[in-house]
Amino acid sequence: ESFGIKETGLGIALIIIAIVAIIYIILIAEALRVAGRKYFLEARNTENTKIGIMGEIFKKGNWKNVAITMLLKNIYNLLWYFTIVGGFIKSYEYRMIPFILANDPGINKKEAFELSKKMMKGNKWKAFLLDISFILWYILSIFTFGLLNILYVNIYKASTETELYNTLKDNNIVEKNES
């Protein structure tokens, strides 16, 4: 009795908006994140990389695999955060999954998780220190109302993470060849 029709309608509208937002994140936003990693991986090796390279992630079979793998990554991270410290550690363990998917969108989900875990073994602390190194950039960005983030910091961080991925990948290949 305390709620009128207006409040019920507003509640239903908010629920619908939340559901649409979740579907957008699952189906499009995470795939765009991987597509962005694809662009930076290509731009690292190829001069004048076209933005159309990001479209490879959205091909039929690739897109579904990328969306499911990223959804699982987010669910596993969420579940690990219930252990408090585990979520922080696992977020670094799963950190290379978007790059692995960008490099090979058809990779098996289990293989992507195992490869990321292998790449980050012994490197989580270094990746954490790398993240800490960006704090001053983010503080400076606050004073520019986020403009610095848009024009410089996000690109700089994505390029740095791409170099981290390539370094870890190269080290992983070297270790594999030595064994």
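The accessible surface of the protein comes to about 11800 Å², of which 67% belongs to carbon and sulfur atoms, with areas taken from the Shrake-Rupley method with a 1.4 Å probe and, for residues, only the protein chains shown counting as cover. Please keep in mind that this is a predicted model, in which local features need pLDDT of at least 70 and side-chain atom pairs count only at pLDDT 80 or more, while totals for chains, interfaces and linings use all residues. Residues are numbered from 1 along each chain as its sequence is written, and side-chain values use heavy atoms, with hydrogens and water left out.

Let me begin with the overall architecture. The secondary structure consists of 8 helices and 0 strands, where helices (H or I, at least four residues) and strands (E, at least two) are DSSP runs numbered from the N terminus. The C-alpha atoms fill a box of roughly 75 × 40 × 40 Å along the principal axes. Of the 179 residues, 33% are buried, where buried means under 20% relative accessible area, exposed over 50%, and partly exposed in between (1.4 Å probe, protein chains only). Among contacts (heavy atoms within 4.5 Å) between residues at least 6 apart in sequence, 63% join residues at least 24 apart.

Turning to the surface, Ile15, Ile19, Ile23, Tyr24, Ile25, Leu27, Ile28, Leu32 and Phe58 form a nonpolar patch with about 770 Å² of accessible area together. Ile15 belongs to helix H1 (residues 5-45) and is exposed, at a relative accessible area of 52%.

Now the aromatic residues. A search of the whole structure finds 13 aromatic pairs; rings of Phe, Tyr and Trp (its six-membered ring) pair if their centres lie within 6.5 Å, and planes under 30 degrees apart count as stacked, over 60 as edge-to-face and the rest as tilted. Trp137 and Tyr152 form a tilted pair, 5.1 Å centre to centre with 50 degrees between the planes. Because Trp137 lies in helix H7 (residues 135-143) and Tyr152 in helix H8 (residues 147-178), this pair ties together parts that are 15 residues apart in sequence. Trp137 is partly exposed, with a relative accessible area of 28%, and Tyr152 is also partly exposed, at 37%. Elsewhere, Phe88, Tyr92, Trp125 and Phe128 form one aromatic cluster.

Finally, the charged end of Lys157 sits over the ring of Phe134, 5.7 Å from its centre, the criterion being NZ of Lys or CZ of Arg within 6 Å of the ring centre and within 35 degrees of the ring normal.

Key. Patch = residues over 30% accessible without salt bridge, like charges linked within 9 Å, V, L, I, M, F, W, Y side chains within 5 Å. Salt bridge = Lys/Arg side-chain N within 4 Å of Asp/Glu carboxyl O.
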